[in-house]
Amino acid sequence: MSATVAQPTHTLPDSIGLDAFLERAADDPLPLADRHRLVAAARVLLEELYVHLPLKRAMHATDPVQRLRLLERRLRPLSEPQFHAELAGVFQELRDLHTGYQLPDPYRGHVATLGFLVERYVDPDGRPHHIVSKIDRSLAHAGFDVGAELETWNGVPIERAIERNAAAQAGSNPDARLARGLESLTLRSLRTGPPPDERWVLLTYRTRAGRRRETRLPWRVRAAEWRAGRAQDPVPTLATSLGIDAGNEATRQIKRALFAPPQARRPSPRAFRGVVAYRTLRLRGRSYGYLRIFSFNVSGARLFAEQLARMVARAPAEGLIVDIRGNPGGHVPAAESALQILSGHPVVPVSFSLPTTRAALTLARSNPGFRVWSSSIRAAVETGEVHSQGFPLTDPEAVTAGLPRYTGPKVLITDALSYSAADVFAAGFQDNGLGPVLGTAWRTGAGGANVWTHELLRVWLPELLGELPRGAGFRVALRRATRARGNVDVPLEDLGVRTDELHELTERDVTGRNQDLLAAAAALLS
Amino acid sequence: MALVLRGTVVTFDDEHRVLDPGAVYVGDDGRLAAVRSAGQAPPAGFSDAPRIDTEAMILPGLIDLHNHLAYNTLPLWEAVGVPYAHHDRWVGERHPPDYSTSVTWPAKVLGHAAPEALVKYVEVKALIGGTTAIQGAPRSTRPVDGWLLRIVDNEKLPTGTDMVMTAALQLDAEELRDTRADKLDGTRVLIYHVAEGRRGSTVHDEFVELGPCLKPGLIGVHGTALTGADFGTWQDAVAAIDAAARGTVVWSPFSNYWLYHETTSVVDADRKGLRIALGSDWSPSGTKHVLGELKVADAVNQLEMGGHFSDRELCDMVTANPGDALATAWGPQVGRLRRGSAADLLVLDRHDPGRDVYRNLINATERHVRLVLVRGRPFYGTPGLMTAAGATHTDTLTVAGLKRRVAVRQPDRGDATLDWPGVKRALERVRADPVAAWRSAQDALADWGGPLDDPEAPLVLFGDMPEGDAGTFAAAAEVPQDLVVPRPDPLTHDAAYFAAVARSGVPQLQHLAEYYT
């Protein structure tokens, strides 16, 4: 190893230093009363409206409500960053990427990034490798470039560093946490979690030529999404049918802005070209369609289904590979309508249940769209059920009426970051018998809920939920998803979809164009 | 601006004085500085104020205590299943014209794609009938607290706090008992739909569940399934807390007869000591505004109730009674003209000088409304009176063949920018292509990741009535491809309206047309 520590000669474009950003945030701290309001709102949400609370208490031996009670008593001495970290930590313990604290301005709309991405593969001997897969061109230096292999992270062996980072992530199963741990090594949404503690990272790595070197890279902060001159979340505030990991959607979009080819960097966030792509592949002498669904974060189901139907109409009869890796979810009816486009038969959608709390009953009584849930919530006083009866959010066959379907053979590729509406899609793919599911991890991200914002809930529960300070917010899993057909009533939360086949990513997959993964998928089609 | 209106002042004060001629002194603060005989000296500060001799009656603005604004651009719904047993039955109507196609979907699309235009159109419709305060605000992503009218649900008088709770859909019994009842502490009101259906139907149970809330401050809407004994129970419970207090029943006779062929036993309610207020209810089963509803009440009173209520008592139902009911929550009085009251005023032609002021109000139509002031500001009236009252940014419209002016765009309101032509264009745009308008609205919503109270944030209105079988399709953020949004309901009780009433064959409603001939 070289005795000197390298560092990039340029800083990441359009970014500011983490220190400068945090100083700005510290200039105008939240008053104590606002902290109380936030903690009180968090308690109401978790106690009264969080549909997974019984499950999370059991599965993760956590008591978020008690933690919030304690936090209420201990607010005064906390510094600004400590307060945000504590409150975010309560939600992190839930292992639920749907449900989280959203930090106020100026955190909204910003991400911290090191300017490169790391991906992992396992070699034929079973040894994991961690490769720089993408890097902003301005940061490439001293052989630190695509293909460089990381060895240590701040002096910690890289595998262990990822494990430690994964433990701090909210992913609900080990695969999901590992995937999140890997991703958040270099990219963190400041809206959904506290900023990194360290201001820079010290890395040892091997260049593609095999030289061992060391470099120091600073954390930088970039605006993730702005509209009309305002910092925005990448996920709509006002959407009733969402199932999405808002933090991952933010990082997905910043990844796109940083690393996608120039022509694809600035699409409207919910434009179809940003969420879906199609091409035809030649593999082992045969042609297959390849449908890449990056996200279900779209505004409606019908137009999305129409777009998909046009795309897959071009797919060869030999088969279609559908790839939803990294898909953080989005519009649940859009995901289920997409399934319907891929099926010659009516697909059975997943069902959604509310908690049987008083607040959920008030919501079901006051929101006309929730009336169907009210009687079983009311009956819970006698039945003792913690979840209401389940009903689908939509009828995919009605939404896709008149559109052509792709009825040829199909295979679905998933990973541990396929989350929420993507979990719903994968479950529907499996339960409705559309084809095998090939995973790069054994399980999908395991987010099984419809998520609402505090602001949207306030429309229906103004007596219960107050205004929050400075654009702070919460997202909460409100309706729990359970599977259909052979897996009827099996929840998606924390379980996800177990894949039919596992393909561990190879070096060629990570540094190339997923050749081995696609070949494995094609093999399942033949 | 300070303003003096002179004319025949029908005060609806405690003595029901009529000052002829009288003068009403409107202060800069939107309240009445004085109500006096015209011969008396003006109060301090009014010697140089503009003075308008209206040569007409000056009354409190009318109060509509039962409506559902999100649906009020829709025409009468001529459902085939009438009479229904109760409110849960017509929601499930699937025979054409079915409920969700006729009511839910058009309102939903307009509430998403043209929310400001919808509310303003509905406000103008109410103004044309002399209304200055209306209940029935839709749920919305930010409060719509009255671009033109006072929206009762969202009004923040006097402390800046909303003291009015409303529920058009029934709350759970435990919520009523454990939460709402405690809040009826003499400072708040609860406007609550209860027992809407035919006598003997299951909705009577709603009254039983409402038991803990039978307190001062409760305003019960409909109560059509209630008996005289129920009204007695209600008033006794209220009086047990405050001997001087009265419960309030909101009566919507047109809607009751339209859907159930029965109406509330308001005579029994009155005999038991309850206060009666009127509400025109939503346009799918109601009158255009509370001035129209007053005529239905009058006809029903004469033909079905043996003239139990005097003309003055009927007029109290759209002025003093709802004003008193709201006084629990609001500081300044509405519905009565006296010093300190809200300057919500109606100037009305004394079109039948041979009859008293109350009969003139009952028989008045849209043609007779000459000026309407809300918070002391002119919003609607004849061109001459609007100019004299200092109205600016007005648009012309024709009402029952007469030229009127309306102030729809308030330059000081940053959250609402449409003028009257803009309102009509926005509604027409949705009507021309509802699916495209819906999708465009959905795109705007999907693109907004900021706070909902930001003036730039998309405004969305959510209906407060059941959805029927629209649910799963609606959850997909989709609308039926063949959706039709009807032409906005005309602003006045016109020939088409009366033709629909005639087709219904409901005897008690057939007399309404006679007031307009």
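**Entry 1**

I began with E16(B), which pairs with strand E18 (residues 402-406) of chain B in the antiparallel sense over two bridges. I note at once that the model is a predicted one. Across this pair I found B:Tyr380 opposite B:Val406 in E18(B). I then looked up strand E17 (residues 395-399) of chain B, and found that E17(B) and E18(B) are joined by five bridges, again in the antiparallel sense. Here B:Thr396 has B:Arg405 of E18(B) as its bridge partner. E17(B) and E18(B) form a hairpin with two residues between the strands, and in this hairpin I recorded a positive phi near 50° for B:Ala400.

**Entry 2. Domains of chain B**

I next looked up how chain B is divided: domain 1 covers 3-60 + 335-406, and domain 2 covers 63-329 + 497-516. I noted a distance of 26 Å between the C-alpha centres of domain 1 of chain B and domain 2 of chain B. For the contacts, I recorded 25 residues of domain 1 of chain B against 27 residues of domain 2 of chain B. On the side of domain 1 of chain B that touches domain 2 of chain B, the elements giving two or more residues are strand E4 (51-60), strand E14 (345-348), helix H12 (357-363), strand E15 (369-374) and strand E16 (377-381) of chain B. Which of these elements gives the most to that side? I found that H12(B) does, with five residues.

**Entry 3. Nonpolar core**

I turned to the largest nonpolar core and recorded 323 residues in it. The residues with the most contacts inside this core are A:Ala42, A:Ala338 and B:Val24. Helix H3 (residues 115-128) of chain B gives the most to this core, with nine residues. Why does the core lie between domain 1 and domain 2 of chain B? Both domain 1 (3-60 + 335-406) and domain 2 (63-329 + 497-516) of chain B give residues to this core, so it lies between them.

**Entry 4. Chain A as a whole**

For chain A I counted 18 helices and 24 strands. The C-alpha atoms of chain A fill a box of roughly 70 × 65 × 45 Å along the principal axes. I compared the radius of gyration with the globule rule: a compact globule of 526 residues would have a value near 24 Å, and the 23 Å of chain A agrees. Among contacts in chain A between residues at least 6 apart in sequence, 77% join residues at least 24 apart.

**Entry 5. A sheet in chain A**

I looked up an open sheet of four strands in chain A, with the order E1-E11-E3-E8 and antiparallel pairing. Which strands lie at its edges? Strand E1 (16-17) and strand E8 (187-189) of chain A are the edge strands, each pairing on one side only. Strand E3 (residues 110-113) and strand E11 (residues 220-223) of chain A run antiparallel and are joined by four bridges. In this pair I found A:Ala112 opposite A:Val221 in E11(A). Finally, I recorded that helix H8 (residues 246-259) of chain A lies across E3, E8 and E11 of chain A, at about 130° to E8(A).

Conventions
Residues numbered from 1 in each chain as written. Chains lettered and ligands numbered in written order. Predicted model: local features only at pLDDT ≥ 70, side-chain atom pairs only at ≥ 80, totals over all residues. Rg over C-alpha atoms; globule rule 2.2 N^0.38 Å. Contact = placed C-beta atoms within 7 Å. Core = buried A, V, L, I, M, F, W, Y, C linked by C-beta atoms within 7 Å. Buried ≥ 20, exposed ≤ 12 C-beta atoms within 10 Å, placed from the backbone. Domains from an automatic or database assignment. Pairing = 2+ DSSP bridges. Axes fitted to C-alpha atoms, helices over the stretch in contact; angles between N-to-C directions.
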